[in-house]
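My entries follow in the order in which I made them.

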Amino acid sequence: MTGQNTWSTDAAPACGDFPELYRRVAAAGLLRRRPLYYAGRASALLIALALLLGSFAALGASWWQLLLAPLFALLLGQLALLGHDVAHRAVFTSRRATALAGVLLGNLVVGMSYGWWVSDHHRHHAHPNREGYDPAADSLLFVRTPEQARRTRGVRRVVARHQAELFFPLLSLQALGLAVVTGVTLVRGTVRHPGWERTLAVLHYLLVAALLLVVLTPLQALAFTGVCGAVLGVYLGCVFAPNHKGMPMTGPDAGRADYFRRQVLPSRNLRAGRFVHAVFGGLGHQIEHHLFPSMPVVALRPASRIVRAYCAEVGVPYAEAGLVDSFREILRDLRAVGRCAEAPSPAAARTADVGGAR
């Protein structure tokens with residue numbers, strides 16, 4: 001990957017290739033919902049949460065609790081990934097059931113606004129890696145294009161220059177960022193069910209605060225919260241980063257590609273075993289997820305064989321990388337783009353040239 005991070009849509013055909021792919025995937029039975037799979041997954045996660053809470057209460061006011069904090073973070077991450085599937089209607093056909101389960105998982109269990117996340121994430125799916133349209137491409141933490149890098153100023157520019165080296169430390173702030181966005185969103189009431197979301201989110205944070213302060217000393221509670229939040233941020237960041245970071249970007253004025261190419265070209269799959277894909281909540285099959293957002297994650301692996309073969313058939317690149325290699329590509333691209341923050345913007349360069357000529 002290069003720092004330019006762009007791809008052309010000029011060669012996109014007038015009629016898309018997606019209908020034929022859809023027919024093949026549907027014929028293989030991969031679009032049907034899997035209620036037993038999701039019932040088992042949800043039950044296992046809730047049992048694990050109950051066991052962790054029991055261990056937390058039994059251990060009491062001890063610094064050994066810091067060993068449990070990362071386990072809570074990983075479990076919360078898995079519950080958030082389950083909420084991701086719910087939001088994509090991979091679990092329920094009913095909109096009401098989907099909204100209810102999503103708000104319970106998002107606001108009450110994880111402490112994140114479900115309504116905000118649905119809006120944000122669906123915009124990402126509509127225009128992946130398109131600057132000005134994809135919220136993930138306009139991140140506050142990272143610059144993704146040379147133009148974004150050149151627009152930075154002050155501390156933001158310093159961070160942009162060193163964003164590859166700061167990648168993992170910055171990810172540790174993701175959970176804090178989600179909590180702040182949730183608070184701002186619910187204060188403004190810019191979600192479909194603000195009353196329910198406010199009530200459940202407040203209940204989440206009150207229950208967490210009460211549990212921490214009843215069991216731990218204030219200093220232990222602060223340390224536990226910091227470790228749990230940092231690990232959760234890194235975990236979620238590492239789950240979502242390989243999907244699109246370091247992949248081609250499009251500018252806000254780029255031509256519109258057909259659906260098939262718009263989803264495949266900016267996405268990267270992980271070449272990994274079942275355990276890694278389970279840790280990533282199935283999202284290592286990102287190309288298939290973007291093509292078929294409501295497909296149950298358990299069907300993404302068999303779908304990948306069909307999609308990979310079809311991409312080869314129609315001549316569309318199908319990006320895959322191992323776990324380590326995907327992060328190498330991400331860091332390489334972040335480093336290349338970050339260097340652009342060291343150079344003045346074209347407008348500033350022209351101004352300097354004019355001043356020098358005088």
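**Helix packing and cores**

I began with the crossing of H3 and H11, which is right-handed (the near helix is turned clockwise from the far one by less than a right angle; helices are DSSP runs of H or I, at least four residues, numbered from the N terminus). I note that this is a predicted model, in which local features need pLDDT of at least 70 and side-chain atom pairs 80 or more, while totals for chains, interfaces and linings use all residues. Residues are numbered from 1 along each chain, and side-chain values use heavy atoms, without hydrogens and water.

I then looked up the axes of H3 and helix H11 (residues 218-244), which come within 8 Å and cross at roughly 40° (lines fitted to C-alpha atoms over the stretch in contact, with angles from 0 to 180 degrees between N-to-C directions).

Next I turned to the largest nonpolar core, of 56 residues, where Leu21, Phe224, Phe260 and Leu291 touch the most other members (a core joins buried Ala, Val, Leu, Ile, Met, Phe, Trp, Tyr and Cys through side-chain atoms within 4.5 Å; buried means under 20% relative accessible area, exposed over 50%, partly exposed in between, with a 1.4 Å probe and protein chains only). Helix H3 (residues 69-87) gives the most to this core, with 10 residues.

Last, I checked Pro242 in helix H11, which is buried at a relative accessible area of 1%.

Technical notes. Helix = DSSP H or I, 4+ residues; strand = E, 2+ residues; numbered from the N terminus.
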